[in-house]
Amino acid sequence: MAQLPIDINDNISAALTKYSDLVRRICFLYLHNSADVDDVFQEVFLKLLQNNSRFESDEHEKAWLIRVTINKCKDLLKSFWRKKMVSIEGIELPFEDQAENELLQVVLSLPDKYKDVIYLFYYEEYTVPEMAQLLNKKVNTIYSHLHRARELMKQKLGGKEHDFTF
């Protein structure tokens with residue numbers, strides 16, 4: 001096996017340290033399966049290793065990783081093998097706090113376009129203009145998706161949206 005230059009190894013190690021949780025959380029939001037999450041996680045960081053371009057900043061690198069992760073998850077979901085698998089939808093996820101578990105179940109049940117904006121806005125604290133650029137959508141579209149996602153969550157939670165925090 002060929003030895004990689006030290007700076008590439010350091011860059012990958014730094015990216016793994018900084019963004020591994022982020023990539024895993026996004027993967028889980030889409031895939032709901034730890035084996036698939038592990039596969040996509042590896043693919044994302046392999047693509048980062050193969051990426052020859054330099055990033056302008058840490059935010060640019062983070063945005064690139066989010067975009068690649070979402071795309072890899074969507075590719076897996078469209079695959080023939082994935083369509084033949086049984087989903088874990090509705091399975092109780094292990095959280096100590098029942099409210100947090102209920103909230104996560106509601107977020108997971110949202111359509112992808114709403115799940116993306118809720119995750120990026122509340123969990124990753126992106127602004128709407130940043131999300132628009134990241135998701136290649138217009139700012140007003142992101143505002144609409146965020147509003148509709150909140151309404152859907154409010155309906156699914158029976159109007160108790162103020163009982164939960166992200």
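Okay, let's start with Asp112: at 30% relative accessibility, this residue counts as partly exposed, while Lys115 is buried at 3%. For these labels, buried means under 20% relative accessible area, exposed over 50%, and partly exposed in between, with a 1.4 Å probe and protein chains only.

Quick caveats. This is a predicted model, where local features need pLDDT of at least 70 and side-chain atom pairs count only at pLDDT 80 or more, while totals for chains, interfaces and linings use all residues. Residues are numbered from 1 along each chain as its sequence is written, and side-chain values use heavy atoms, with hydrogens and water left out.

Back to that pair. Asp112 and Lys115 form a salt bridge, with the closest N and O atoms 3.4 Å apart; by salt bridge I mean a side-chain nitrogen of Lys or Arg within 4 Å of a carboxyl oxygen of Asp or Glu. They sit three residues apart in helix H6, so about one helical turn separates them. Helices here are DSSP runs of H or I, at least four residues, numbered from the N terminus.

Glu124 is buried at 12%, whereas Arg25 is partly exposed at 37%.

Another salt bridge is Lys72 with Glu43, 3.9 Å from N to O. That one links helix H3 to helix H2, 29 residues apart.

Key
Helices (H or I, at least four residues) and strands (E, at least two) are DSSP runs, numbered from the N terminus.
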